[in-house]
Amino acid sequence: MTASSPLPVQRLRTLIATEGAIPIATFMAIANAHYYASRDPLGRSGDFTTAPEISQMFGELIGLWMADLWMRAGSPPVAIVELGPGRGTLMADLRRAISRFPGLSDARTHFVETSPTLRTEQKQRVPDAFWHDSSSTLPTDLPLLIIANEFFDALPIRQIVRTDDGWRERMVTLHDDRLIPVPGKPSVDPLVPRTLAGAPTNSIIEASPAGTAIMADLATRIEVQGGAALVIDYGYEGPAVGDTLQAVKDHGYADVFDRVGEVDLTAHVDFTALKDAARKAGAVAHGPVDQGALLTALGIAARAQALARANPARTKALEADMRRLTAPEEMGTLFKAIAVTAPDWPKPAAF
Ligand code: SAH
């Protein structure tokens, strides 16, 4: 660590010492920026495993989803975009699956990724991609086909907590040298939906201003340039009360406020809020559909059988992978997908 990039816990201490308690969103942004920049968190040796790291079938089927939509839209020249591509595994599998579609296979890959460590991983699997720090520099002259898997859950959220005297922004402060959450100043906030205004004391409402801002930007581009986005994540259809901020380390849950920047902080995604942001920007929003239903509709069973025929020794493993991705007690219903399309684009498969 250099003097210009202090450990996140030191940075938070300095911030709190000079400014007082800071919003949950600031805490989460600083913690996760360090977390992702300083490691490859994915896979068995990391902290968590994502769908594309479980099986090649995930990226392949998303590639076929994309190719089907693209053909029905008239096979225009497009750019392919992924937000938060992790190791680049999904995109490598997707690109292989679309290689049989001339016109689509010529499309350039654009990655939105802030972590230098993960950019290095992505470059190994998709060497000819273009990298962006944010969605604001994506191409403006082509329809965009966008995919985001477990990206929105990593973005900072705000939490508003109900106290005896009204709703307050939830903040983070130092107490006996430990970071703890505390209610902040009263929040007279349009964030609290009317249906939840009477929620009991200690109820928490979440919002992801960063997530809705990115969705608004993508949907505006899709409305103007054409194209579609597929967002897959774990989440719910808000508005709802609940504290979903969680920390994961070594494939288990950890304390959110301990070991800042060494644990993965995520929050469940409010698909209603993302769809509202897309619709406000003039795009069409579809779903959510469960991940299990999505992959089943896209033909995961047939794909598993084809792979098993090519390599019978893998039959059991392929069946297990398919189960992990689609079974309700595994990832099948906790994970959901929404799609966003340009008004003059066709309805995507499985929605
Ligand atoms: N999509 C991958 C990785 C998910 S982990 C998979 O399914 O395996 C979250 C990813 O989002 C990582 O690549 C992380 O570096 C990236 N990320 C997190 N916050 C980001 C931000 N604010 N801007 C761009 N990328 C971000």
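Trainee: In which loop does Asp176 lie?

Mentor: The structure is a predicted model, in which local features need pLDDT of at least 70, side-chain atom pairs count only at pLDDT 80 or more, and totals for chains, interfaces and linings use all residues. Residues are numbered from 1 along each chain as its sequence is written, while side-chain values use heavy atoms, with hydrogens and water left out. Helices (DSSP runs of H or I, at least four residues) and strands (runs of E, at least two) are numbered from the N terminus. In that numbering, Asp176 belongs to the loop between β7 (166-175) and β8 (178-186).

Trainee: Is Asp176 buried or exposed?

Mentor: Asp176 has a positive phi of about 50 degrees, although it is not a glycine. Buried means under 20% relative accessible area, exposed over 50%, and partly exposed in between, with a 1.4 Å probe and protein chains only. The relative accessible area of Asp176 is 69%, so this residue is exposed.

Trainee: What is the relative accessibility of Ala350?

Mentor: Ala350, placed in the segment after β16 (335-341), has a phi near 80 degrees, a positive value in a residue other than glycine. This alanine counts as partly exposed, at a relative accessibility of 29%.

Trainee: Which strand holds Pro288?

Mentor: Pro288 is joined to Gly287 by a cis peptide bond with omega of about 5 degrees. A cis peptide bond also joins Gly238 and Pro239, with omega about 0 degrees, and Pro239 lies in the loop between β10 (227-236) and β11 (246-249). Pro288, for its part, is placed in strand β15 (residues 284-290).

Trainee: How many residues of helix α5 are buried?

Mentor: Helix α5 spans residues 89-97 and is mostly covered. Its buried residues, among them Thr89, Met91 and Arg95, pack against α3 (51-54), α4 (56-72), β2 (79-83), β3 (109-112), α6 (116-125) and β5 (144-149); contact here means heavy atoms within 4.5 Å. Of the nine residues in α5, the number buried is seven.

Trainee: How much of the area that the ligand exposes when taken alone does the protein bury?

Mentor: A polar contact is a pair of N or O atoms within 3.5 Å; within protein, one must be able to donate a hydrogen and the other to accept it, and residues adjacent in sequence count only if both atoms are side-chain atoms. A polar backbone atom of Gly84 is 2.7 Å from a nitrogen atom of the ligand, one of Gly86 is 3.0 Å from a ligand oxygen atom, and a polar side-chain atom of Thr114 lies 3.5 Å from a ligand nitrogen atom. Taken alone the ligand exposes 570 Å² (Shrake-Rupley method, 1.4 Å probe), and the protein buries 90%.

Trainee: Which backbone oxygen does the side chain of Asn32 reach, and at what distance?

Mentor: Asn32 is found in helix α2 (residues 24-37) and counts as buried, at 5% relative accessibility. Leaving aside neighbours within four places in sequence, Asn32 is in contact with Ala154, Val263, Asp264 and Leu265. The side chain of Asn32 reaches the backbone oxygen of Ala154, at 3.1 Å.

Trainee: How far apart in space are the C-alpha atoms of Leu179 and Phe101?

Mentor: Leu179 lies in strand β8 and is buried, with a relative accessible area of 8%. Its contacts, leaving aside neighbours within four places in sequence, include Leu12, Phe27 and Val260. Leu179 and Phe101 are 78 residues apart in sequence, and their C-alpha to C-alpha separation in space is 52 Å.
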